[in-house]
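Colleague: I have a model open on my screen. Can you walk me through reading it, feature by feature?

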Amino acid sequence: MRVVTKLVKTDFFIDKIYVDEHGQLVMENSQDEKMRVRAYMDASDVVAAFKKGLSLDVIRFVAKAPITARRTKRSATSTVEDRPSKYPTGGNPRP
């Protein structure tokens, strides 16, 4: 999950999701992380997130996710030699 504010730009990974004693959904990252994050959501937040999730852009993103993930995985595993050169001679230009 990525959080971007005027003061902070950070990524965090959810380690635990549970419901606390007040009935709020709580998402926490690992205690080993540099910046401890605990996000709370009550029922109205969940309903709002669900409604936002039904937007056409989000549905399109979810539909493309398997294709994008496969493409990203393939490009991450290819080596420099596998990638075509952007120069017509096939190599880097001479200085």
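Modeller: We will go from the overall fold to the sheet, the salt bridges and the surface.

Modeller: This is a predicted model, so local features need pLDDT of at least 70, side-chain atom pairs count only at pLDDT 80 or more, and totals for chains, interfaces and linings use all residues. Residues are numbered from 1 along each chain as its sequence is written, and side-chain values use heavy atoms, with hydrogens and water left out.

Colleague: How many helices and strands does the protein chain have?

Modeller: Helices (H or I, at least four residues) and strands (E, at least two) are DSSP runs, numbered from the N terminus. Here the protein chain has two helices and five strands. Along the sequence the pattern is β-β-β-β-β-α-α.

Colleague: Which strands make up the open sheet, and in what order?

Modeller: Strands of a sheet pair through backbone hydrogen bonds, either parallel or antiparallel. Two strands count as paired if DSSP finds at least two bridges between them. In this model, three strands form an open sheet in the order β3-β4-β5, with antiparallel pairing. The edges are β3 (16-19) and β5 (38-41), each pairing on one side only. On average, neighbouring strands of this sheet are turned by 20° against each other, direction ignored. Axes are lines fitted to C-alpha atoms, for helices over the stretch in contact, and angles run from 0 to 180 degrees between N-to-C directions.

Colleague: Now the charges. How many salt bridges does a search of the whole structure find?

Modeller: Side chains of opposite charge can pair when their charged atoms come close. A salt bridge is a side-chain nitrogen of Lys or Arg within 4 Å of a carboxyl oxygen of Asp or Glu. The search finds three.

Colleague: Which partners does E28 have?

Modeller: One is K16, with the closest N and O atoms 3.6 Å apart. That pair links distant parts of the chain: K16 sits in strand β3 and E28 in strand β4, 12 residues apart. The other is R38, with the closest N and O atoms 2.6 Å apart. E28 lies in strand β4 and R38 in strand β5, so this pair ties together parts that are 10 residues apart in sequence.

Colleague: Is E28 buried or exposed?

Modeller: Buried means under 20% relative accessible area, exposed over 50%, partly exposed in between (1.4 Å probe, protein chains only). E28 is buried, at 3% relative accessibility. K16 is partly exposed at 43%, and R38 is partly exposed at 44%.

Colleague: Which residues make the nonpolar surface patch?

Modeller: Patches are made of residues with over 30% relative accessible area and no salt bridge; like charges are joined within 9 Å, nonpolar side chains (Val, Leu, Ile, Met, Phe, Trp, Tyr) within 5 Å. Accessible areas come from the Shrake-Rupley method with a 1.4 Å probe; for residues, only the protein chains shown count as cover. Here L7, V8 and M35 make a nonpolar patch of about 310 Å². L7 is in the loop between β1 (2-4) and β2 (9-11), and is exposed at 82% relative accessibility.

Colleague: What are the totals for the protein chain?

Modeller: Of its 95 residues, 11% count as buried. The accessible surface comes to about 8,800 Å², of which 59% belongs to carbon and sulfur atoms.
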